[in-house]
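Hi everyone, thanks for coming.

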Amino acid sequence: MTDARHSVCLFIGTLKAGGAERVTVWLASELHRRGHDVVVLTHSAPDADFFTLPDGINRETVGFDEGRDTLPGKLLVNIRRCLQVRRVLRRHRVTAMVAMMPHESVMAVVSSFGRRMRVVVSERNAPWHREQDKIWTALRRIVYRFSDAQVAQTQPIADWMRRETGSRSVAIIPNAVQPSLPSGPPVVRPQSFIRPGRKLLLAVGTKPYQKGFDLLIAAFAQIANDYPEWDLAIPGLLPSRQEQGISGQDILDTAARSGLTERVFLPGHLGNMPDWYAAADVFVLSSRFEGFPNVLVEAMGAGKACVAFTCDTGPEEIIQHNVDGFLVRDHTVDSLAASLDKVMRSTELRSRLAAAAPGVMQRYAPDTVLNAWCRVLGLPEEQKTR
């Protein structure tokens, strides 16, 4: 494919609030800005979207019908979905496609058989922590090797893909740090929760178990009496959200039992994250596992002192310990509490970490990351913008 203009399809389950969804919208926007035709394909309906696509990007959906309980029924549903995907590819004359999740990746490869186009599959989290149906796990092992390229966010994920799926053309592409994060509705001001003169410990995420918010609230409760001027806020987390037996309401209940009801806030989904990063005094990532945490690089790009569990993959690739952030290598509540205590106690340490943190923007500059995506998609790395 040598034409300057291409038709690119990005396939993901939803455009609800989440890191993979945010990356998808960013990539779609940037490819469109470089002059390519772009279609974003999801299973969910547009009225469920949290993120908004720019004008000029096509939006398609497949698979509104629910899967059936029997194996033949599920097979029939997914065959129908693959046929729908194939019709989208034909209608938009797609020349390159990237799928952002395991299910969508399998469907993308199957749907594109026999078509002259480039197909890229991508893992957006540490795959060994994701519970997958046995059939889909087997399909991933069979199908990934037939894609033109495979994308991982870090070296450990790339190694896993080569070992577990037979992938042979794995590219490591981290997430970009945008110089100016987009801001839009819903707008929820930090001042609506955090009173003047108080300090803010900020965490962000929608998944209570993966993000370790139960560990975080327990650690904060250990040291809260020593820091009566500090509050904790977790944008993105809803009280109703449940994962692995942990819910957002459990976080609020733990806060209440610890006497912290007036100091722990769940502002919900919001579109003005730059305001919350600006208001934060310390950012904390308490995740049990990650792929490549957007919120961590965003907080560092905003010049914030950051504390993070190392996880299997992600934070340790991003943070240089005690230089531009603080890593917690022992994954316990006590260790997290001790590290938070050290950073919250010292104005000098917070200032030093915050001053070095924006260096992450050079390592993960948008143009560098976008050109890496263009290479795996077979697109020109330099393209006249619209």
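This is a predicted model: local features need pLDDT of at least 70, side-chain atom pairs count only at pLDDT 80 or more; totals for chains, interfaces and linings use all residues.

Asn371 itself sits in helix 14, which covers residues 366-377. Is Asn371 buried or exposed? Its relative accessible area is 13%, so Asn371 is buried, given that the cut-off for that word is under 20%.

Next, helix pairs. Take helix 6, residues 213-223, and helix 11, residues 333-345. Their axes come within 8 Å and cross at roughly 55°. Because of that angle, helix 6 and helix 11 count as oblique to each other. The crossing of helix 6 past helix 11 is right-handed. And who makes the contact? On the helix 6 side we have Leu215, Leu216, Ala218, Ala219, Gln222 and Ile223. Facing them from helix 11 are Val333, Asp334, Leu336, Ala337, Leu340, Asp341 and Met344. Sort the residues of this contact by class and you get ten nonpolar, one polar and two charged.

Helix 11 has another partner to show you, helix 12, residues 347-356. How do the axes of helix 11 and helix 12 cross? At roughly 95°, and they come within 5 Å. That angle is why helix 11 is described as roughly perpendicular to helix 12. From helix 11, the contact uses Lys342, Val343, Met344 and Arg345. Helix 12 brings Thr347, Leu349 and Arg350. In this contact of helix 11 with helix 12, the classes come out as three nonpolar, one polar and three charged. Notice that Met344 of helix 11 also turned up in the contact with helix 6.

Now the cysteines. A disulfide is a covalent bond between the sulfur atoms of two cysteines. Cys9 is buried, with a relative accessible area of 0%. Cys82 counts as buried as well, at 15%.

Last stop, some backbone details in the loops. Cys311 isn't a glycine, and yet it has a positive phi, about 60°. You'll find Cys311 in the loop between strand 14 (305-309) and helix 10 (315-318). Cys311 is buried, at 8% relative accessible area. Asn322 isn't a glycine either, and its phi is also positive, about 65°. Asn322 lies in the loop that runs between helix 10 and strand 15 (326-328). With 30% relative accessibility, Asn322 counts as partly exposed.

And where is the cis peptide bond I wanted to show you? It joins Pro185 and Pro186, with omega at about -5°. Pro186 belongs to the loop between strand 7 (170-172) and strand 8 (199-202).

That's my tour, so over to you for questions.

Conventions. Residues are numbered from 1 along each chain as its sequence is written. Side-chain values use heavy atoms; hydrogens and water are left out. Buried means under 20% relative accessible area, exposed over 50%, partly exposed in between (1.4 Å probe, protein chains only). Axes are lines fitted to C-alpha atoms, for helices over the stretch in contact, and angles run from 0 to 180 degrees between N-to-C directions. Helices (H or I, at least four residues) and strands (E, at least two) are DSSP runs, numbered from the N terminus. Angles under 35 degrees count as roughly parallel, over 145 as roughly antiparallel, 65 to 115 as roughly perpendicular and the rest as oblique. A crossing is left-handed if the near helix is turned anticlockwise from the far one by less than a right angle, and right-handed if clockwise. Contact means heavy atoms within 4.5 Å. Ala, Val, Leu, Ile, Met, Phe, Trp, Tyr, Cys and Pro count as nonpolar, Asp, Glu, Lys and Arg as charged, and the others, Gly among them, as polar.
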